[in-house]
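Colleague: Could you walk me through how to read this model? I'd like to start with charged pairs, then go on to rings and strands.

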Amino acid sequence: IITLKPLDDNGQFTSFEFSSDGAILATTGNGLSLWNTSNWDIINTDDTNKMDNINFSPNGNFIAGTAPTEKEKLNKNSIEIYDVKLSKVVCKLEGHPAQISKVEFLNDSLILSGGHDSKVKLWDVFKCEMIMEFVDCKNNNYVALTKDNYYSFSKGAFSNVNFKIDGKLYPFEQFDLQFNRPDILMNSVGL
């Protein structure tokens, strides 16, 4: 049995994750620490990193985790992408107005995040941008929306779709032919 101790005597581990090959253990608490699992030596520590809820990319090159924004020091409503080989944050993703509770890699370049804002967002790690967001409209209904306002929605969600232009709301029917484009949504994720 191995017992790891946080580097700070007053510290605690708040999350941990093994790389897919099991060679590295990442821990968070008072910073981000990477541990070599063959001898339990520390590979790297970043004391300034405030990530939590971490997740390794399948190839082990990146770690994604929730992090506070500059405005919200305690509320973890952004995502940081940490490059394991470069030992630094290479991307910060912002867009959730509320706390993020889960971050998960779909593959080596795409991340899903979900939070207390009833939205699930799909992010591109390499472009460092949001691709699409899914909004829960209750009763198993949803709206999927790209950053360019193209959308698709389930049959029961149409009453939740409106357009707001200069503070005025317009029903979706006025723009449906132009923006209801499931083909563009599928293309944005490579399908």
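**Charged pairs, rings and strands**

Modeller: Let's start with R181 and D183, whose side chains make a salt bridge with the closest N and O atoms 2.6 Å apart. A salt bridge here is a side-chain nitrogen of Lys or Arg within 4 Å of a carboxyl oxygen of Asp or Glu. This is a predicted model, so local features need pLDDT of at least 70 and side-chain atom pairs count only at pLDDT 80 or more, while totals for chains, interfaces and linings use all residues. Residues are numbered from 1 along each chain as its sequence is written, and side-chain values use heavy atoms, with hydrogens and water left out.

Colleague: How many salt bridges does that rule give?

Modeller: The count comes to 6. Another one of them joins the side chains of K102 and E104, at 3.1 Å from N to O.

Colleague: How do I read whether such residues are buried or exposed?

Modeller: Go by relative accessible area: buried means under 20%, exposed over 50%, and partly exposed in between (1.4 Å probe, protein chains only). K102 is partly exposed at 48%, and E104 is partly exposed too, at 31%. R181 at 29% and D183 at 44% also count as partly exposed.

Colleague: What stands opposite E133 in β13?

Modeller: That's L145. Two strands pair if DSSP finds at least two bridges between them; β12 and β13 (residues 142-146) pair in the antiparallel sense over 5 bridges.

Colleague: What sheet do these strands belong to, and in which order do they run?

Modeller: An open sheet of 6 strands, ordered β9-β10-β11-β12-β13-β14, with antiparallel pairing. β9 (100-105) and β14 are the edge strands, each pairing on one side only. On average, neighbouring strands here are turned by 15 degrees against each other, direction ignored. For such angles, axes are lines fitted to C-alpha atoms (for helices, over the stretch in contact), and angles run from 0 to 180 degrees between N-to-C directions.

Colleague: Now the rings. What makes an aromatic pair?

Modeller: Rings of Phe, Tyr and Trp (its six-membered ring) pair if their centres lie within 6.5 Å; planes under 30 degrees apart are stacked, over 60 edge-to-face, and the rest tilted. The structure holds 9 such pairs. One of them is F62 with F126, edge-to-face at 5.8 Å centre to centre and 75 degrees between the planes. F62 lies in strand β6 (residues 62-67) and F126 in the loop between β11 and β12, so the pair links parts 64 residues apart in sequence. F62 is buried at 9%, but F126 is exposed at 56%.

Colleague: Why is the pair of F153 and F172 called edge-to-face?

Modeller: Because the ring planes stand at 85 degrees, with centres 5.4 Å apart. F153 is in strand β14 (residues 151-153) and F172 in the loop between β16 (168-171) and α1 (176-179), so parts 19 residues apart in sequence are tied together. F153 at 16% and F172 at 11% are buried. Ring pairs also link F153 and F172 into a cluster whose members include Y150, Y151 and F163.

Conventions: Helices (H or I, at least four residues) and strands (E, at least two) are DSSP runs, numbered from the N terminus.
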